[in-house]
Amino acid sequence: MDRECVSLLPRVCEVLAASGSSLPDDTILEKLLDWFTALTEAGESLLEACPCLLEFISAVIHDTASAPGVLSFTLRLIGLLAAAEDDFRVLKESLVLDLVFSCQHWQELGLWGDPCIRIGWIQGLRTTLQHPKGLSFFIQADFIEPLLQLQTDTSLFVASAANQMLTHVLLFCQPVSSIGCNGTDKKEDEQNTSVSKAVVENPADPMEINQDCTAVVVAISEYLKRALGVPKGSTQLHQCQQTLRLLALLLGQTKPPLRDKLLQTVTASLEEMVAADCSELTLPLMDVILAACRKPADLVHAAAAFLHGGHHDRVHTAQSVRLLLLPLDIISGQNLLGTNTAGDMHRFAMTEQLKSKTSCISMISVCLTNTPQIAHMDPDCLPCAPDLIVSGILSLLRICSGDSSSSSAGCSEVFRNVIGSGKVQKCALEALTAVSNSPGANGKLTDVLTLLIQYLDNPDSDPTVLHKSYQALVKWMSVCTDISFITDQLRHDLVQVVKKRACDMRWEVRDSTMEFLGHLGAMRVCQASAASEALLGGCCCTTPLLREALQDPESYVRASAIKALAQTVMHSWQEGAAPTQEKTEIVTRLLEILSQDTEGFARRAVVQFFIAWFSSHTSHTPPSSPASPSCSLLMQSVRSVLSRGCADLDWEVKVHTLELAELLLDKAFLGHRSYTKGSDACPAQPHAYAVMPDRAYTLHTHGDTHAQDVESDLVEVLKNLVEQGVISALLSGLVDCDRPVALKACRLLITLRVTVCPALQGDPDVSAATATVARVSCELPRAGWAQEIRKILGVRSEANAERDLNVLNATSFEDHSEEGANAVSHCERVSVCEALGSLGLDERLEILSRSSDHVHNSPLSLLQDILTASTSHTDSNTQPGQEVIVDCY
């Protein structure tokens, strides 16, 4: 621990322990606790380093006037200290542990009713359980009973903390031999069993430890058995609901054999609750079933275990599937359960529950959530063909939209609960999306497309439902292999509804429509979907709709339209044809958005558009190929994007602009022996807007025999970079006030320096061709970022700078005299290599790489602020508004 912190901590403890003192910041205690936690995790003994903490604890717990927040903090601090065995022994010998974790003590003081105290008690006790001595203390003090009572606390925060604590206790008692026996990943196993390993590795009496663990498991199991049953009143109902939540939490984290023991304990109670048909318990019961699953196949095993005593054979698996499909079967009337009548015993009770709207929506949502998993199971476990499950989802969606004519066999009394239900529609559309690649689903493509187009055309569909309809449409088209049944009518209907939604009054709908068009364009370019080509391949409305959306009043829509344009039209721009009027107009409009749009979303999208265009062009064009007219338009646009983007007020726009500059550097120095692409060290993912076909050109690299030629080209390459505005963009970014911008620019400038100025790196083999690079210069404009660069380089004296500024201010931009023209146009030129060597890039990189809070957000700063704030609070001369604010995270 820092020496200054050690010296300040006693005074800070006095401030916190002072009776009736108010804290300067309600997060101050959390920050202190985080600092203490970090110290203990680093292996430091807090009591040894800070003996004042023990005095602080004693003062607080014996002062009945202590604030509840400070008391809660103290309880958690004690738990943190007791997590170390040596400190646990000190606290135990001083009787601190017995006093602060006594529920009776807090009840006698009248403080137990404060949820803050109960939370601190639970969390402090939980932290204590890090070693066998902590477990023995927990068992001997009989804390399991009050903890079980808190599980149904009126405060949801306390109840949740109690549930977490009970789970922690069981995991502590879980045998280490159960690691990895349930198919979970290694990381999860390590997390769930780290506490139980401490029991084995500790030299304490293993028999006593095993007895303690057994006592805990028995106590919790017996509680679950007592608490789970058919509720007879509101109080019992609340207790039952909370206990089911606890059981779901326990089953989700424990492993066999402990999990099996819990299941055996509660199976009879769960069967009784299912048979009682209590609608308020339907959802938590299903949560228990889901929590017992670690992978899709376990879902039905869990349901079978609860309903049939733990048998995991194929027969009971099939019965569990029938139970989960029963709500959809009742509503849709699709006979998903087949001719087997094994599910009829639950049909009446289920139908009655579905007549309650709350219960109906909850149950059908759980059913739909698991339908995709069921549709991909072994057909032998299914009561019907997987394509019939798709039909059931389609029928439900028709009912939701008010059309029940195709589901006459369904329960009409239930229909009213799902008609117009946005939640059910969203769940059903998600399920429909997920079953698109299930066996036999392809045969349902026409029905699916027809229904989705109807949903898109329905004036009652809310924006989220329309968005999910678009997502489902894209997914089904992406897996379609047979397009023979895509009719002209379907194609016409889709085009009309897309045109309609592109003009919707709700911006969310217009935005989803732009995204949809972009997804279709991407699939067509990559030839990933024959259906998308068949539906919109010959459609002439896509690009006009996207161009029109560039004028949309909502910035999100403009940004989505720009991205969709990149995915839709860019592939045709790579073919090298002369720029069309439409292409030129699109580029012009995008540049206008970059310089004039008031929202950052659209401006960011424009820069990303050109990044994707440039990336796609260089990836598909061999280096030896001549420049095409399309390439000329691209490079002319790049100059404008760099000049406008680096002057933007939005830091993300500027970062994207530097990404474009980086691509230009990559292309310019391709194959140069001293140049290292950033992507070589860390391969980048394809750009979000880029559309890449299956085949691309291999990038050309120069061999050693061409090294001299590459060196000779350095001068020309650097001149081109200056003319394109790359150097100006990097220098502008270097002195930018936004750290991410300056950091990226600094890294790129260092890369450029290593490549073109090896003499600055002390390379003795500098060729004559490389030496001439020093004569390449760039302009420093009079205003803006260049003033800071001049200051760093010392290019001009203060007198000259002031004189020129006065001339500039005295000269009107409309003055076409020779003096005025010279004053405005005059710019200093500096050698690129000289600038790269004089900017102190390495020192800047070190500073910029450090977190922006490394100075102020420190433990020492926090302690100082607490003391200063307490002084300010007690000073009667302190004026309002002069309070000291404690450092935030």
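The protein chain has 47 helices and 2 strands (DSSP runs numbered from the N terminus, with H or I of at least four residues for helices and E of at least two for strands). This is a predicted model, in which local features need pLDDT of at least 70 and side-chain atom pairs count only at pLDDT 80 or more, while totals for chains, interfaces and linings use all residues. Residues are numbered from 1 along each chain as its sequence is written, and side-chain values use heavy atoms, leaving out hydrogens and water.

**Exercise 1. Find what percentage of the chain is buried, and which residues touch the most other members of the largest nonpolar core.**

Step 1. Of the 889 residues, 50% count as buried (under 20% relative accessible area, with exposed over 50% and partly exposed in between, using a 1.4 Å probe and protein chains only).

Step 2. Next comes the core, meaning a set of buried Ala, Val, Leu, Ile, Met, Phe, Trp, Tyr and Cys residues joined through side-chain atoms within 4.5 Å. The largest one has 158 residues, and those touching the most other members are Ile331, Ile393, Leu396, Leu432, Phe516, Leu752 and Val756.

Step 3. Now zoom in on Leu396. Leaving aside neighbours within four places in sequence, Leu396 is in contact (heavy atoms within 4.5 Å) with Leu328, Ile331, Ile364, Leu368, Val418, Val424 and Ala428.

Step 4. There is also a second, separate core of 97 residues, which includes Phe101, Phe143, Val266 and Leu270.

**Exercise 2. Work out how helix α22 is oriented against α25: roughly parallel or roughly antiparallel?**

Step 1. Select α22 (residues 386–400) and α25 (residues 445–457); their axes come within 11 Å and cross at roughly 20°. Axes are lines fitted to C-alpha atoms, for helices over the stretch in contact, and angles run from 0 to 180 degrees between N-to-C directions.

Step 2. That angle makes α22 roughly parallel to α25 (under 35 degrees is roughly parallel, over 145 roughly antiparallel, 65 to 115 roughly perpendicular, and the rest oblique).

Step 3. On the α22 side, Val390, Leu394, Leu397, Arg398 and Cys400 meet Asp447, Val448, Leu451 and Tyr455 of α25. By class, this contact has 7 nonpolar, no polar and 2 charged residues (Ala, Val, Leu, Ile, Met, Phe, Trp, Tyr, Cys and Pro are nonpolar, Asp, Glu, Lys and Arg charged, and the others, Gly among them, polar).

**Exercise 3. Repeat the analysis for α25 and α26, and say which residues make the contact.**

Step 1. Helix α26 covers residues 463–479 and packs against α25 at about 155°, with the axes 9 Å apart. The two helices are therefore roughly antiparallel.

Step 2. From α25 come Leu445, Val448, Leu449, Leu452, Tyr455 and Leu456; α26 supplies Val465, Leu466, Ser469, Tyr470, Ala472, Leu473, Trp476 and Met477. These divide into 13 nonpolar, 1 polar and no charged.
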